[in-house]
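Hi,

Here is the structure I promised to pass on. Have a look at it first, and then read my notes below.

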Amino acid sequence: MSGEQHDFSHLDRAGRATADVARSPRLAVTLTIGIGVAFAWFLLGAMAIRGAESRPAGAPGDMLLKNLPSLPLPDFLDRFFTLCLAPAPLAGPAVVQASALVLMWFLMAVATMLPSAAPLIRTYCEIADTARMKGEPVVHPLVLVAGYLTTWLAASMGFTMLTLAVYAFAGSGRMLDPAVGLAGVAALLVAGLYQFSGLKQACLEKCRNPFSILFANWSAKPARIFRLGLEQGVWCLGCCWALMLVMFAVGAMNVFWMALIGLFTLIEKQTAGRVASRVAGAILLVWAVALLLVSA
């Protein structure tokens, strides 16, 4: 990328629009991320509808989901949904079902966590635009995004192993149903207590102030920017990994809780202070105690 200017006046309207998207990294990144997040929510929503249809007893929100239209989907998506929603474990190679669960958790990360990285990506684009206007070489922002998502892909593998372990321990009839009893209490306790920890606040500070980190580590080398995305993904994971554990208490395919966690994460990163974190932590701890009393 450079500061070189081009004249696209000879193109038709569609051609000029395409050229503008290609020339503007910020617009290309916004479109790519927007489409990626929307597609992730679409797949998760379709999976949640299939899950609600397969639960005779029903769970909170299932009635609403059952009234939504179930779109015809390709066979490979039906197979993917089956691998994620079926009782654990399915007969056959365990690696196949594990791979499907990794993809499911990764889609959840894209849907809920990638929007909260908007300040980081926007700040990078602003610095990159300034450098590009000066004629300096700039690494495309999507390289930074790729590094960020690689961290969450690795985290998705960890959440998958935890999913298999928790539901084997809990003895739940279905893999993605809420983990009741001690497993659900443990998930809520860990998530609640972590909201008050110093590590949580340290990670939040890194996520709330991306300019100083990006400016201090600026580079024209793609490998360095990819690594910077990885590092920022680690800070984001440090903020949010415990909140993702709440999905074990409410059911991993509960799209309503996914949306709530994603919204809270965005608010938490955009607001200063510890009030939001502490309020959420207190709610989770009270919830854990209530679940313990009910399960006793």
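A word on the record before anything else: UniProt positions are given in the numbering used here, feature names are shortened, and annotations may be inferred rather than shown by experiment. Under "transmembrane region", the unreviewed UniProt entry lists residues 27–49, 102–121, 142–169, 175–196, 234–263 and 275–294.

The model is predicted, so local features need pLDDT of at least 70 and side-chain atom pairs count only at pLDDT 80 or more, while totals for chains, interfaces and linings use all residues. Residues are numbered from 1 along each chain as its sequence is written, and side-chain values use heavy atoms, leaving out hydrogens and water.

Two of the listed spans can be compared with the model. Residues 275–294 are 100% helix and 0% strand, with end C-alpha atoms 29 Å apart. For residues 102–121 the figures are 75% helix, 0% strand and 25 Å. Helices here are DSSP runs (H or I, at least four residues), as strands are (E, at least two), numbered from the N terminus.

Now to single residues. Thr160 sits in helix 7 (residues 141–170). Thr160 counts as buried because its relative accessibility is 3%, where buried means under 20% relative accessible area, exposed over 50% and partly exposed in between (1.4 Å probe, protein chains only). Leaving aside residues up to four places away in sequence, Thr160 touches Ala98, Leu101, Val102 and Trp105; contact means heavy atoms within 4.5 Å.

By contrast, Ile35, in helix 2 (residues 25–53), is exposed, with a relative accessible area of 59%.

Happy browsing!
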